[in-house]
Amino acid sequence: MKILFVAQNFQMGGIQKALINTLKEVSLYKQYEIDVFTFGKGELMKDIPPNVNVHTGNLLLQLIATPFAEVKKRQNVWHVTLRLLCMIVVRLIGSNHLYAILLKTHRNNRVYDIAISYFNDVPHNYFNQGTNLFVDKFVQANRKFAWIHTDPLKADFHYDRCVKTYKNFDRLLCVSEACKQNLINFLPQYKDKIQVVYNFFPIDEIKELAWQYTPFEKGPIDLISIGRIENATKRFHLIPHLCKLLKDSSICHFRWRILGDGPDLLQNKRLAFELGVDDVVEFVGECHNPYPFIRQSDVLILTSAYEGYPMVIGEALILDTPVITTNFAAAGEQISDGQNGFITSENVEDLYPIIAHVIENADKLQRMKRFIEENQYTNRRAQEQLVLEFDAK
């Protein structure tokens with residue numbers, strides 16, 4: 001069976017990591033021959049299994065599929081100029097027209113059994129688009145799948161565009177039951193082709209990498225948050241405010257480390273300094289192997305406005321680290337409230353008392369860690385779901 005995965009890029013990110021893990025899983029099955037077509041590159045490309053055939057877009061496609069900040073880092077004047085020109089063109093003719101022009105040149109004559117658009121289009125974004133269009137219009141396949149990684153209601157998906165986009169797809173694969181139900185509510189006419197495939201995790205690899213180094217000396221309480229530092233959805237700007245509330249309550253025996261890079265990193269560093277909490281907040285930056293940090297920490301904290309099925313929660317549970325998370329749609333599918341973590345609302349006023357309670361009650365943390373150890377995370381359900389979809393006639 002020939003299967004094509006289409007990706008925007010392999011930059012560091014949750015969807016990219018989920019794709020890497022899916023490729024690692026699928027590549028183990030001898031009956032599947034796997035191709036990947038990625039518009040752009042990225043540091044995670046080195047993690048693609050060697051038996052997967054990888055094809056990359058031309059220079060223009062690579063540039064528009066790469067975050068502008070990343071293009072600027074390379075200090076190639078020609079590439080920066082081309083990227084800026086593309087930004088002007090896309091405002092004049094629209095994303096779909098620009099992508100259609102570029103993607104048409106990447107059409108090939110190969111016929112696949114299954115073609116998968118692995119990235120959902122990001123609403124109101126000029127360049128986080130295109131994989132749906134490519135699979136729909138420029139790939140020959142017996143069946144076409146689109147992967148949905150987020151809550152369509154919270155992510156502000158455009159109804160008319162989604163109706164048109166998903167019309168020619170045979171399956172819409174959601175990463176959680178909650179996302180599936182929300183997508184059915186959003187697109188009831190497509191309910192018969194909406195299914196769930198949970199994210200995969202390389203469990204043994206994560207456990208091995210977690211002992212690769214010791215990132216810091218253990219303190220009284222070590223908190224950690226991980227993700228792309230952008231405040232609109234991940235809301236990392238709440239962390240300095242939470243730390244201020246903790247310090248104002250004389251809770252100072254903790255350190256909160258934030259792993260990741262992104263457009264709001266400097267703004268959040270400045271906020272921590274202005275609030276006087278830079279002594280308890282540490283912005284570590286981007287980290288290719290965050291697992292030692294997770295293993296060494298007492299609690300992982302998600303402050304997101306919404307998520308699909310976040311990889312980092314599964315990674316924390318694999319490493320026996322309890323989780324405090326906001327109540328995104330699928331939170332209850334990963335966290336048993338009070339047993340392996342806590343689920344709370346996204347407001348600072350509700351996050352604060354839960355975090356304070358955990359810091360002040362080390363015995364509660366130990367009970368949660370024991371629960372996680374006794375209920376080990378597995379890929380069994382995701383394997384069953386994926387094989388069922390791939391082998392369906």
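Biologist: Which residues does G130 touch, not counting residues up to four places away in sequence?

Modeller: G130 touches F39, Y99, L103 and D121, where contact means heavy atoms within 4.5 Å. This is a predicted model, in which local features need pLDDT of at least 70, side-chain atom pairs count only at pLDDT 80 or more, and totals for chains, interfaces and linings use all residues. Residues are numbered from 1 along each chain as its sequence is written, and side-chain values use heavy atoms, with hydrogens and water left out.

Biologist: Where does G130 lie?

Modeller: In the loop between β4 (111-117) and α6 (131-138). Helices (H or I, at least four residues) and strands (E, at least two) are DSSP runs, numbered from the N terminus.

Biologist: Is G130 buried or exposed?

Modeller: G130 counts as buried because its relative accessibility is 5%; buried means under 20% relative accessible area, exposed over 50%, partly exposed in between (1.4 Å probe, protein chains only).

Biologist: New topic. Where is V175 found?

Modeller: V175 sits in the loop between β6 (171-174) and α8 (177-186). V175 is buried, at a relative accessible area of 1%. Beyond its neighbours within four places in sequence, its contacts include W147, H149, Y198 and G308.

Biologist: And H79, which helix holds that?

Modeller: Helix α4, residues 77-93. H79 counts as buried because its relative accessibility is 17%. Neighbours within four places in sequence aside, H79 is in contact with L59, L63 and V71.
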